[in-house]
Amino acid sequence: MGGVVDGVAQPAIVAGMGALLVLLALSAFYFFWRSGKERTARDSALEQERALRRQFEAVMTSTRDGVLITTQTGEVALISELAAAILGLSASTATGTPLTRLPLRTVDAHLRPLLAADAFAVTDGGRPRVIGVPGRRGTDDIRWLHVHARRVDEGPDGRPITVTTVMDTTGLREAAEAISRSDAQFRRAMENAPTGMALVDLEWRLMEVNRAFAEMMGSTVAALRGTPFSALSHPQDLQAERDQLQRLYDGHQSHFSLEKRYVRADGNVVWAVLDVGLVRFAGGAPDHYVVQLRDTTDDRMHSELLAHRAMHDPLTGLANRNLLHEVLHDLLEQPDADTRVGVIAVDLDGFKGLNDRFGHATGDSALVHVAGILRSATGGRGTVARIGGDEFVIAVQDTDCSKALFDIAAAIHDGLRRPLAVKRHQIQLGASLGIAMADDETIAGGGPTILSAADAAMYRAKAAGKSRTEVFEPSMRTTSDNQTALAAELARAIENGDLVLHYQPILELATRTVVGYEALVRWQHPTRGLLLPNAFLPLIDDRGLSVTLGTALVEQAAKFLGRSPSDTAWVSLNVSADQLGDSEFADRVLTAIGRHHLSPQRVVVELTEASLVAPNTRVRHELTELRNAGVPILLDDFGTGVSPLSYLRDLPVSGVKLDMSFVAGIPEDPAGARVSRALGALARELGLATIAEGIETEAQAQFLSRCGWRYGQGWLFGVAQPAATVLSAHPHLGTSLIDPRPQELDESIGEHEPLV
Ligand code: C2E
Ligand code: CA
Ligand code: CA
């Protein structure tokens, strides 16, 4: 509050100037008074003297200072009425009395007694002397005076005189004391205030700050005193602050409030509402600023969090569909969007099965894991969004966009290659990717158009075998439309029973007797003809639908067995892992067996090895349920999965089906042959029934048979055919799968034996 205290000193300066005026007038008066005494004879001089006296008295009464003139010997030559009143004297008795003999008691600023000679000693041009004149009640009732005493070297008679002005400052002093008292109170209040407070000078330098302020800035009160306030501001918010300060200084506003950022000593950014008022002098001149600072970082965080939440997926923290649409809208508006913008649609392969088998917590971990891979693959080149369960989209912007798209896609496949470890399981993830680049059509159509283009390419990737990337081309647009229409049609077809099983014979290789059939589903489409499973099974996205389909096919297969002339031939049903887990499938199988009076060994369940990477307890439980009821379980595509061998021992598996990729290599590919032989040996070691599939040549059949593969199927023996065709062909009676007869191994086949 320095300015306010200075304000108290101002009247003293004005008073000092008044005293100088008085001094001039007095010197003139004294000169004429003395010379007047010597030249009384001259009337004109008398007249002049009277005029001067009137002027002198006018000056004496108009000044706020009391005036006292003393001679060199310390005698009061003249005392003004005001001076007499201030000092508590009578002017007439004081005149002519030496200062030391005046009935006057004086004290210094510390209330120590002061001799009159000292009280009125010359101060010359210096600061006024402060003296106190105790009243009737002593120091309780004291008048405070400012005394200026100046020696006028030559009086009119050539002898020095002293002109003294006295000013009563009692009122001012009381005011100053009150102010300094309230100043102290203000400081105390400020120090303990919970909000940041500061007094800032006109150069915007911190004069005084409180603890809360220092804490907010991560500094100390002492360190901040004298610092330029701007040095604490976030550079981006400086201009706004300067503008507001200028308006305040210029008087366009009395106060301003601004939410802005500061940079703490530790480098962290804090948000605060800055409130600034300008304190002005009585005359209106600016004195200093009073500043309040309220930390709004938490509020900001909260509202930013809410805004973030509205635009982001809570599980992965990625952008959500809303934000993706905004981003795409902005990207496609850009002038060179057609060379810089592209989209990658990412859909996880087999995520539904993973969720069902391992539970939602594991599914969520997998999504978070994938989100991390997508983020790091994208780097700073785009926005990654999760727009549905296992659907992600990356909006890419890059100067070399097509390169960036392919790089990102490659990095995603690469990142997914490493299995995800959850609890004790190693889960292999994969994704199908579709790329679409902005072109005239997508720019015109906006976000939804480019997204559906990327989707179409992604569907193509799924249909082409998953875990791959396809790039959109206009011909796909109709395909994707077809795809959606087909999915809807498929749901109806399943309900209508338009999906039928065809049966491919399985033979005992040594005897070439048909012992069973693999049931393979086909869609007898009204306009498109017979559709194979790869054309429509990937469209089944919905667990409900795959369960409905499974149920319908179990019933068909059971009916087929019931009508079969053999009472041992079996039917292998393909079951995907997402059809298992809640015992519904097992219930259907056992119900169908009962209804058609079948031996349970005649209904066989085939599971792909890949789907058994880490069977959870529910799937294992359902399989055990089936196995205990006498239903054999086969591991399909044996040799392609990554499951540890221990699973083979732990699971209730009765047999394995050698994947046809090994069979296809026989006899040209020695590796295929070796693997077939090794896997055959392993399966027999574990006491499992052995079936080889995809046998197209006699050579393959013979080689496999000699390697210990007991059963076989393939085009060599027959394609899958409708039930009616198979039933009318009167097949040979077969043997039961779970009661394999002891197998004679052809020991003549050695490691280095040339392949037949
Ligand atoms: P998969 O279980 O490995 O079935 C064998 C596939 O190989 C069948 O194809 C079959 O027609 C074909 N195949 C048979 N013999 C030969 C041969 O000598 N050479 C060659 N190159 N291929 C041969 P399809 O019928 O297209 O079935 C494909 C896949 O669809 C099946 O593979 C199976 O995983 C799945 N699938 C088929 N039916 C069903 C079903 O009813 N339910 C479920 N969940 N999946 C099914
Ligand atoms: Ca199969
Ligand atoms: Ca297979």
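Biologist: Tyr711, is that one buried or exposed?
Modeller: Tyr711 is buried, with a relative accessible area of 1%, where buried means under 20%, exposed means over 50% and partly exposed lies in between, with a 1.4 Å probe and protein chains only. This is a predicted model, in which local features need pLDDT of at least 70 and side-chain atom pairs count only at pLDDT 80 or more, while totals for chains, interfaces and linings use all residues. Residues are numbered from 1 along each chain as its sequence is written, chains are lettered from A and ligands numbered from 1 in the order in which they are written, and side-chain values use heavy atoms, leaving out hydrogens and water.

Biologist: How many aromatic pairs are there?
Modeller: The count comes to eight aromatic pairs, taking rings of Phe, Tyr and Trp (its six-membered ring) as paired if their centres lie within 6.5 Å, with planes under 30 degrees apart called stacked, over 60 edge-to-face and the rest tilted. One of them joins Tyr517 and Phe560, an edge-to-face pair with 5.5 Å centre to centre and 90° between the planes.

Biologist: And which parts does the pair of Tyr517 and Phe560 tie together?
Modeller: Tyr517 lies in strand β21 (residues 513-525) and Phe560 in helix α20 (residues 543-563), so the pair ties together parts 43 residues apart in sequence; helices (H or I, at least four residues) and strands (E, at least two) are DSSP runs numbered from the N terminus. Tyr517 is buried at 5% relative accessible area, and Phe560 is buried at 2%.

Biologist: Back to Tyr711, what kind of pair do the rings of Trp570 and Tyr711 make?
Modeller: Their centres are 5.7 Å apart and their planes stand at 80°, so Trp570 and Tyr711 are edge-to-face. This pair links distant parts of the chain, with Trp570 in strand β23 (residues 570-575) and Tyr711 in strand β28 (residues 711-712), 141 residues apart. Trp570 counts as buried, at 0% relative accessibility.

Biologist: Switching topic, which residues coordinate the calcium ion (ligand 2)?
Modeller: Glu518 (OE), Asn574 (OD1), Glu606 (OE) and Asp636 (OD) coordinate the calcium ion (ligand 2) at 2.1 to 2.3 Å; donors are N, O and S atoms within 2.8 Å of the metal (3.2 Å for Na, K and Ca), and sites may look incomplete, as water is not among the atoms. Asp636 also bridges the calcium ion (ligand 2) and the calcium ion (ligand 3), which lie 4.1 Å apart.

Biologist: Where do Glu518 and Asn574 sit in the chain?
Modeller: Glu518 is in strand β21 and Asn574 in strand β23, so placed that the pair links distant parts of the chain, 56 residues apart. Glu518 counts as buried at 4% relative accessibility, whereas Asn574 is partly exposed at 34%.
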